[in-house]
Amino acid sequence: MTVTTTVRGGGALLVLAQDGDGLPSVLHWGADLPDDAVLDLLLLREGPVPHNALDDPWDLTVLPTAGEGWLGTPGIALHRAGGSAAPRWIASVSAAGSRIEVRAVAEACAAEVVLGYDLDEHGVLRVSSAITSTASADEPALDVAALRILAPLPTRADELLDLSGRWMRERVPQRHPLVDGTFARQGRRGRTGHDATLLLVAGTSGFGFRHGEVWATHVAWSGNHEHLVERLPEPAGASAAVLGGGELLAPGEVRLAAGETHHAPDVAFVWSDEGLDGLTRRLTGHQRSRADPRARRPRPLVLNTWEAVYFDTDVEHLKRLADTAASIGVERFVLDDGWFGSRRDDTQGLGDWVVSADTWPDGLHPLVDHVRSLGMEFGLWFEPEMVNLDSDLARAQPDWVLGPAAGPPLPSRHQHVVDLAAPAAYAHVLEAVSRLVTEYDIDFLKWDHNRDLHDAVRSDGRGTDRPAVAAQTRATYRLLDELRRRHPRLEIESCSSGGGRVDLGILERTERVWTSDCNDALERVAIQRWTGLLVPPERMGTHVGPPRAHTTHRDLDLSLRMLVALGGHAGLEWDLTGCSDDELGTLGRWSALYRELRPLVHHGDVVRSDHPDPSLVVGGVVARDRSEAVFSVVQLATGRGTSPGPVPLPGLDPMRRYRVRVRPEAGLPATVQTRPPGWFEHALDDGGVVLSGAFLGTNGLPLPVLAPAQGLLLHLVGV
């Protein structure tokens, strides 16, 4: 007898089918279906039996292995010395509300696995997994090599999208056909990585932001991880291929004694029949519904001091910078690197979380008090997971430096890793950071993590090394969780040499991520567009940098720098004390516009145009009720035609009429080549020009001809 268990949410459906007490199969994941169609799935699940195959048809189980018919990458791999490595599972399935739970026991391996499938109201499926050793105390430990979550893909999914990148150029899209074999993205950096895919997407041919059916997965984990799509010549039951992933474990990294349990990271799955924007809308709703209350208040306009002063932390200069920042409407002032210990450059002092008495004889109080007197919040930079060997901490506690018994790993940025899995090291870092948060009543931490983890193993002091990435990542999570518990108002930003640690695991413990160390606005257009596939606008740090970008040495107009920074949690990274009165006046108007538009930008639906000319990038945010919208238009390079022609604005209500305005506070382009279209001058007035949503969404708005590295902001309000 076959029993089906279903769960629905957000227009999506998961169907599990169980025959007897064996492992249930994933019969369907994707578009919601009526109940009679679910019965049809069950009726037609039995496909043909080809030559040279198993004698009976089979389906993809929740833990697929060769024992269940699947000859691809296994869902689980484990071994106990002297015992069975080929488990046969007895499973039970239960359902309550939006959750299905599968409990599977393998007596021969003395192991139990619990899988939880939670499908929320936004259509995001989160799958949790845990494995427990049920052996007696005198039996060998259970080695877990892999615990992956795999889901079926239909035949019509025949194209892949993933993201790659590097430092200063995160989130570069890549397209591939879905062919036979394994397409795997594995991260062994000890952090998510600048090249992390964020989402691995399979879809129908030619899918884009606004069209196509797509299926995606994401591993909610900040350590080593893998995402994969796999298709064999033999279908996976009724499915053409599988999509999934999990934690990437080193040999011996998870070794369970009797009664011990390993909780693997959640793996998220998302389906949409409205292209990539549909995925983003579901993931944004999922994150907003789970967000900590501190992330729901208006996102304050930030000034971070790094690109303003670097390591030159002169107190009087910083006070003048705070004065100038407050005068243009900045709401949070963040002191970056260089305030502690012997830290005057990046070669020394990291790990010594004590305010430098040389630079700050009265502590940070003079600056903190001054910032607060101006009505701004105060934030501070930390890198708690790292240490310079030239530091008091490393000299006093060399055994706290993560590395093998043979000696420290290769340095990177002159720094090494603090072994947070060591209880004493963890306690020291926790108390050092917490003490400063308490003393200065700090509102915000910029939490950095500036290197990959090479040779990330722990020594037991007796010459035995064990892989350490999983333990280090979980210790970091515990550290963040405890700091947030102790300091309920504290907000934290995840920075990892820019966008090197961006995933749902870290986002559940922080209020925002620093999107990239590259603050060049022209580069940021693509970086923010593709980071936004997963990360909501209010959680992406987007700052106005100085006229010359310090990473690319490119000069860009203030208009473009302000426009691009409006696309997220806005701020500035610039020594404003050197600005002219005209520049400060312009920035003041821009900051007022940010405060006006943030309820829309930080609560609406992200939309992105599939414009055929890649040199013109159009995207924005539409209110959930479609009563208001804001779009940025950026010309990256010379266009392929003499003019862009009419450009549709996606996501509007075709039954509404909208007052369209060009908002000069976001910065008008320095040059508009040729005569602009007739509506443009009217749109510069408060009255704007009134047009129908149907026209704007289908025919499109004829845009002015912009020079490269120029853009403008359109604000639409329903009338």
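Visitor: Is Phe-680 buried or exposed, and with what relative accessible area?

Guide: This is a predicted model, so the value is computed from predicted coordinates. Buried means under 20% relative accessible area. Phe-680 falls under that limit and is therefore buried, with a relative accessible area of 6%.

Visitor: How are the rings of Trp-679 and Phe-680 arranged?

Guide: A pair of aromatic rings is described by the distance of the centres and the angle of the planes. For Trp-679 and Phe-680 the centres are 5.7 Å apart and the planes are at 70°. Planes over 60 degrees apart count as edge-to-face. The pair of Trp-679 and Phe-680 is therefore edge-to-face.

Visitor: Where is Arg-294, and which backbone oxygen lies 3.2 Å from a polar atom of its side chain?

Guide: Arg-294 is in the loop between helix 2 (275-290) and strand 20 (302-304). At 11% relative accessibility, Arg-294 counts as buried. Its side chain also has a polar contact of 2.7 Å with the side chain of Asp-292. The backbone oxygen at 3.2 Å belongs to Pro-488.

Visitor: How many residues apart are Glu-491 and Arg-299, whose side chains meet in a salt bridge?

Guide: The N to O distance in this salt bridge is 2.8 Å, and both Glu-491 and Arg-299 are buried. Arg-294 is in contact with residues including Arg-299 and Glu-491. Glu-491 is in strand 28 (residues 491-494) and Arg-299 in the loop between helix 2 and strand 20, so the pair links distant parts of the chain, with a separation of 192 residues.

Visitor: Which residue forms a salt bridge with Glu-482?

Guide: Side chains of opposite charge can pair when their charged atoms come close. The closest N and O atoms of this pair are 2.7 Å apart. Both partners are in helix 8 (residues 469-486), 3 residues apart, which means a separation of about one helical turn.

Visitor: Over which ring does the charged end of Arg-509 sit, and at what distance from its centre?

Guide: Another arginine, Arg-478, lies over the face of Tyr-426, at 5.8 Å from the ring centre. For Arg-509, the ring is that of Tyr-477, and the distance from its centre is 3.9 Å.

Technical notes. Residues numbered from 1 in each chain as written. Predicted model: local features only at pLDDT ≥ 70, side-chain atom pairs only at ≥ 80, totals over all residues. Heavy atoms only, no water. Helix = DSSP H or I, 4+ residues; strand = E, 2+ residues; numbered from the N terminus. Buried < 20%, exposed > 50% of the residue type's maximum accessible area, 1.4 Å probe, protein only. Polar contact = N/O pair within 3.5 Å; in protein donor to acceptor, adjacent residues only side chain to side chain. Contact = heavy atoms within 4.5 Å. Phe/Tyr/Trp six-rings, centres within 6.5 Å; stacked < 30°, edge-to-face > 60°. Lys NZ or Arg CZ within 6 Å of the ring centre and 35° of its normal. Salt bridge = Lys/Arg side-chain N within 4 Å of Asp/Glu carboxyl O. Lists of a residue's contacts leave out its neighbours within four places in sequence.
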